[in-house]
Amino acid sequence: MSERLTVGQAVVRFLEAQYVERDGVENAFFAGCWGIFGHGNVAGVGQALLERELSGEPSHLRYFQGRNEQAMVHASVAYARQRDRLAAMAVTASVGPGATNMITGAALATINRLPVLLLPGDTFATKVANPVLQELEDPANGDVSVNDAFRPVSAYFDRVHRPEQLAPALLNAMRVLTDPAATGAVTIALPQDVQAEAWDWPDELFAKRVWHVARPTVERAALERAVAAISAAKRPLIVAGGGVTYSRANDALRALAESTGIPVAETQAGKGALPYDHPQSVGAIGATGTTAANALAAEADLVIGVGTRYSDFTTASHTVFAAEDVRFVNLNVSAFDAHKLSATSLVADAREGLLALAAALDKWTAPKTHTAGATKLAGEWDAIVQAAYDVDAEPLPAQSAVIGVVNELSAPRDVVLCAAGSMPGDLHKLWRTRDRKGYHVEYGFSCMGYEIAGGLGVRMAVEDEHTLFDEAGRDVFVMVGDGSYLMMNTELVTAVAEGIKVIVVLVQNHGFASIGALSESLGSQRFGTQYRYRTPTGLDGDRLPVDLAANAASLGADVIRAEGIDGFRKAVVQAKASPRTTVIHVETNPLIPAPDSPAWWDVPVAETSALDSTRTARATYEDHKKGQRHHLAPASNDTKDDA
Ligand SMILES: Cc1ncc(C[n+]2csc(CCOP(=O)(O)OP(=O)(O)O)c2C)c(N)n1
Ligand SMILES: [Mg+2]
């Protein structure tokens, strides 16, 4: 049996029929399809979505209208992250700029290993009318289009020139989207004529299909090597990454930590692996780490990385693991990550691997003094956090106090979300995470503009989890700087249109506090990091009369202008009580930094310069470079029996 449908209609039918299962729980994979229409998709996938909506049949594949293609991808990616990659969204865009607007989002998805299906329109397969509006013509390559730019940022890429190619493209897309080790942005470029072309599709293509999300188990020999390495350790440290959360391995991690006494540090994506007040939680590690985690990292003889890709922020650009004899055991579903830092590698699902380690380590524990020392260090850091929450600055509050108020007034299950600027680092250090999904900082791509769109995606996931699994609600606190807000605030309109509530904390500090401080530390004198009028000497005039609160109100959001920290406190209470999207505008003092924890981040400084500030910074830079490690020593136990 077959059915005659267009390629666009077939895509929609197929997406509706895809399900995933893990741990015996099954749900539809695609929760929606975002779309902005142009000539590249309006009569193809767009027509199919209309036909779907008008059919009147209930469907989990809802259509969402975004305001910017990049933002639609961000919302989708945030949605998938909140759902632990067990659900995702698709995005349809027109040809040309509509398509290329998604490239930043695609890179963000692939870098963070988060699934999203991108369906950019492409130029005519038949080429009769070429060049079509927005077509890139390459005199030397007849088959190139702007969509080729998706290739390096996609976990899978295909272009469907003929209807027959659609089925394998869709099946491969699902294989990659639901594979924890391979997932990311999947791009299927759909030429605009092909989208509207009819074909007789075999019924099987649209039959319900369940994709079983794998939990690969640990190879016995690899487990033995890991256990040998761990049980020889005197100063071990676990580094928990995002893989812990996606695998829902939090209980297994806690059990392993408690049975062995090994302290647990967290990356940005891994924050929330343990609640902040667990005695063995030493908090953030690396360039934005706590004094506790970084002190333990500095002397660790064994680092057990779980579900982490060891970004430079995590390793403080390869300086944080400083002990001469430090070795690594990496548990990761991706062999690529498991082998980093010359580790003894366990290529497996995080939960399976942690359970296997706990069983195999049996009664082994780290030295009691090590565990107790970690708890003491963590307590000292928590006192520093409290002091940062309590900073009493007039008239403009410190950012750390703003974070403190949000932490205190949010419910334990609420989600704090951020992506770029000075806040991700401050949140990593200071946020007291109480729920495994309570912390959402996109720091793989750290993309300005992710915040509001991402908050929308998280809140959509929260609402869907409520409907599907009867989970309790969560407010979403989007922390966004003025720079990020100016880069992309468009999805406030979408939040209003869809009646989706997010609380946006808009921190106004008139420019880039983050890059300003970085610039100063590197001798670049905060050049180009403040929003000011141009004068004959540069952009150093008065502050600009930009009113971001008025801007947010003009987009349809409720807006509260908070004055000082007490005003901010009242505003948060009011926003939490409201059912509507609320933007809290608060001005802060950008010159009060979060508490320091000695750690370095490798940002190269000019080797030669006419400026004293740069020359001084270069000398400091060269000093820091000396502490940088390569971690090339083979895992110590790999050769143990050769002698
Ligand atoms: C799209 C994008 N462009 C540039 C950067 C580099 N960058 C990181 S933070 C930042 C400034 C952010 O300013 P704001 O949102 O006001 O936060 P603040 O630093 O003031 O806390 C810039 C330009 C980035 N991360 N993303
Ligand atoms: Mg700013």
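The crossing of helix α1 with helix α6 is right-handed; a crossing has this hand if the near helix is turned clockwise from the far one by less than a right angle, and is left-handed if anticlockwise. Helix α1 covers residues 7-16 and helix α6 residues 166-177, where helices (H or I, at least four residues) and strands (E, at least two) are DSSP runs numbered from the N terminus. The two pack at an angle of about 30°, with their axes 11 Å apart; axes are lines fitted to C-alpha atoms, for helices over the stretch in contact, and angles run from 0 to 180 degrees between N-to-C directions. The helices α1 and α6 are therefore roughly parallel to each other, a term for angles under 35 degrees, while those over 145 count as roughly antiparallel, 65 to 115 as roughly perpendicular and the rest as oblique.

This is a predicted model, in which local features need pLDDT of at least 70 and side-chain atom pairs count only at pLDDT 80 or more, whereas totals for chains, interfaces and linings use all residues. Residues are numbered from 1 along each chain as its sequence is written, chains are lettered from A and ligands numbered from 1 in the order in which they are written, and side-chain values use heavy atoms, with hydrogens and water left out.

The side chains of Arg-13 and Glu-3 form a salt bridge (3.0 Å, N to O), defined as a side-chain nitrogen of Lys or Arg within 4 Å of a carboxyl oxygen of Asp or Glu. The structure holds 40 salt bridges.

Attention now turns to a sheet. Six strands form an open sheet with parallel pairing, in the order β19-β18-β20-β21-β23-β22; two strands pair if DSSP finds at least two bridges between them. At its edges stand β19 (439-441) and β22 (558-562), each of which pairs on one side only. From one strand to the next, the twist averages 20°. Helix α3 (residues 69-82) packs on this sheet and touches β18 (415-418) and β19. Helix α18 (residues 450-469) lies across β18, β19, β20 (476-481) and β21, running at about 175° to β20.

Finally, a cis peptide bond joins Asn-130 and Pro-131. Pro-131 is in the loop between β7 (116-122) and β8 (156-159).

Notes: Contact means heavy atoms within 4.5 Å.
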